[in-house]
Amino acid sequence: MKKTIMALSALLLASPVFAATTHATDDTVATAHEEANTAKEKLHQTQHQGKEMKLKSQHAAEGKSDNLSSKASEGSQKAWDKTKEGTEKGWDATKEGSEKGWNKTKEGASKVKNKVSE
């Protein structure tokens, strides 16, 4: 019984340290997500520029660079690429928001558990 009380006391004393560690980790993860999203966005923009240039050069090689259908095709490609980028940004934001919500839920549950234990 005495060992149990000592172990529980040690755990309660250490719980703020665990909470601080979790918070710091959450901030670190959020920063990492933000940097990864920025890198991914730049990569996709570069890829899309490459596709657009390839399409333009293909149209120029075929002698259709001033053709209405080639301009429409290039515009469609640009619009599609922007749609994909926007969708991906939205998905990333949703995923990160869900992760933050889940972390807050875990943190709240931990606080409730600690209050009940007291």
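Me: Which residue does Lys-111 form a salt bridge with?
Reply: Lys-111 pairs with Glu-107, and their closest N and O atoms are 3.6 Å apart. A salt bridge here is a side-chain nitrogen of Lys or Arg within 4 Å of a carboxyl oxygen of Asp or Glu. This is a predicted model, in which local features need pLDDT of at least 70 and side-chain atom pairs count only at pLDDT 80 or more, while totals for chains, interfaces and linings use all residues. Residues are numbered from 1 along each chain as its sequence is written, and side-chain values use heavy atoms, with hydrogens and water left out.

Me: Where do Lys-111 and Glu-107 sit relative to one another?
Reply: They are four residues apart in helix H2, so about one helical turn separates them. Helices (H or I, at least four residues) are DSSP runs, numbered from the N terminus.

Me: What does Lys-89 pair with?
Reply: Lys-89 forms a salt bridge with Glu-41, the closest N and O atoms being 3.4 Å apart. Lys-89 is in helix H2 and Glu-41 in helix H1, 48 residues apart, and the pair links distant parts of the chain. Both ends are partly exposed: Lys-89 has 47% relative accessibility, and Glu-41 has 31%.

Me: Changing topic, where is His-59?
Reply: His-59 lies in helix H1, which covers residues 2–61. It counts as buried, because its relative accessibility is 8%.

Me: Which side chain does the His-59 side chain make a polar contact with?
Reply: That of Glu-74, at 3.0 Å. A polar contact is a pair of N or O atoms within 3.5 Å; within protein, one must be able to donate a hydrogen and the other to accept it, and residues adjacent in sequence count only if both atoms are side-chain atoms.

Me: Leaving aside neighbours within four places in sequence, what is His-59 in contact with?
Reply: Lys-64, Ser-65, Ser-70, Ser-73 and Glu-74. Contact means heavy atoms within 4.5 Å.

How values were computed: Helices (H or I, at least four residues) and strands (E, at least two) are DSSP runs, numbered from the N terminus. Buried means under 20% relative accessible area, exposed over 50%, partly exposed in between (1.4 Å probe, protein chains only).
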